[in-house]
Amino acid sequence: MRIKDMRRSVAAFAALAMAGACTAQGIEVHGGQRQPVRVDGTVPPDSTPKQDDGDGGGSGDDAAGGSGHDGKGAPEKTPTTTPPSPTPTPAPPPPVLWSQGDEGLDVRELQARLRQIAWLFAGPTGTYDDLTVQAVKGFQGKRGLPRTGKTDSVTWARLLNMTREPGKWDLYAYGGQPAASPDPRCMTGRVLCISKTSRTLRWMLDGRTLTTVEVRFGSEYTPTREGVFSVYFKSRDHWSTLYDTPMPYAMFFSGGQAVHYSADFAARGYYGASHGCVNVRDEAAIARLFGQVRNGDKVVVYW
């Protein structure tokens with residue numbers, strides 16, 4: 001009777017353990033001794049949830065040992081291959097705006113700006129010469145740019161940021177400017193036709209221009225007089241006693257004011273001024289002019 005009651009108790013306990021899905025301890029009788037009995041109540045393998053592979057789709061492999069798992073129920077780590085970084089395409093070189101041999105007003109502006117920051121001293125000339133090449137190389141090297149000597153868009157942008165826009169007489173500091181149209185009073189006879197607007201002198205005969213040279217005038221404190229005059233005195237090797245300075249090839253037309261050669265004008269260009277005379281910087285040209293002009297020839301100074 002006791003054994004029958006014990007078996008009923010064991011059966012009931014096992015049923016309770018299976019229902020609770022846990023491991024329970026039962027009693028089994030062998031030879032009158034109570035022995036522990038293990039009842040396994042784990043969930044069957046085919047009811048395990050699918051593994052999320054991290055892509056948001058819930059498409060992991062089903063059972064342990066299947067594809068994508070290590071056979072122990074844990075997902076395998078799929079090796080990832082990092083694609084090689086693409087080789088960067090080198091940036092194209094900036095376009096060249098001007099280089100050796102180029103001529104024109106743009107080159108004059110380049111030279112004038114280089115002169116402002118002391119990379120060029122002998123311009124502007126309007127011609128991209130050896131001196132300009134060396135000046136551009138120096139400017140580029142100072143700022144870590146390739147020393148090509150060519151003015152590309154990057155070099156030009158840096159130069160623009162460091163300088164001001166040149167004025168007219170910055171561009172023509174050493175001459176080369178186009179001559180203004182002759183004054184109507186210059187159209188007859190033998191005339192030294194002198195324009196303050198273009199700073200040029202035309203030697204004219206009956207309306208024809210024979211020679212054109214650049215000239216310089218007096219400062220605001222010692223201005224060159226305007227009007228119609230005539231040459232009244234010529235002096236090949238004149239010396240000014242008032243200013244203690246040479247005035248070669250002097251052709252006087254109004255008091256102490258004369259057309260003459262100026263070594264200072266040749267050296268400094270329009271960065272200087274006269275004491276009222278009309279300075280010529282081309283010594284060979286003024287020497288030829290001195291030989292052609294006569295006393296009594298007309299002189300017209302105008303704006």
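Visitor: What is the volume of the second largest pocket?

Guide: About 230 Å³ for the second largest pocket, where a volume is the space filled by probe spheres set on grid points joined across faces, edges and corners. The model is predicted, with local features requiring pLDDT of at least 70 and side-chain atom pairs pLDDT 80 or more, while totals for chains, interfaces and linings use all residues. Residues are numbered from 1 along each chain as its sequence is written, and side-chain values use heavy atoms, without hydrogens or water.

Visitor: What makes a residue part of a pocket lining?

Guide: A lining residue has an atom within 4 Å of a pocket point; a pocket is an open set of points on a 1 Å grid over the protein atoms alone, where a 1.4 Å probe fits, with protein on both sides within 12 Å along at least five of seven lines. The second largest pocket has 13 such residues, and closest to its centre are Arg199, Phe217, Gly218, Ser219 and Trp303.

Visitor: How many residues line the largest pocket, and which are closest to its centre?

Guide: There are 25, with Tyr243, Thr245, Met247, His260 and His275 closest to the centre. The volume of the largest pocket is about 460 Å³. E10 contributes the most to this lining, five residues. By class, the lining holds ten nonpolar, twelve polar and three charged residues; Ala, Val, Leu, Ile, Met, Phe, Trp, Tyr, Cys and Pro count as nonpolar, Asp, Glu, Lys and Arg as charged, and the others, Gly among them, as polar.

Visitor: Why are E8 and E9 called edge strands?

Guide: Strand E8 (227-230) and strand E9 (233-240) each have a single partner strand, so one side of each lacks a neighbour in the sheet. The open sheet of nine strands runs E8-E13-E5-E6-E7-E12-E11-E10-E9, with mixed pairing.

Visitor: What joins E6 to E7?

Guide: Six bridges, with the two strands antiparallel. They form a hairpin with two residues between them, and aspartate 206 in the turn has a positive phi of about 50 degrees.

Visitor: Why is H3 called roughly perpendicular to H4?

Guide: The axes of H3 (residues 130-142) and H4 (residues 153-162) cross at roughly 85 degrees and come within 11 Å. Axes are lines fitted to C-alpha atoms, for helices over the stretch in contact, and angles run from 0 to 180 degrees between N-to-C directions. Angles under 35 degrees count as roughly parallel, over 145 as roughly antiparallel, 65 to 115 as roughly perpendicular and the rest as oblique. H3 is therefore roughly perpendicular to H4.

Visitor: Which residues make the contact between H3 and H4?

Guide: Val136, Phe139 and Gln140 of H3 meet Thr155, Arg158, Leu159 and Met162 of H4, contact meaning heavy atoms within 4.5 Å.

Conventions
Pairing = 2+ DSSP bridges. Helix = DSSP H or I, 4+ residues; strand = E, 2+ residues; numbered from the N terminus.
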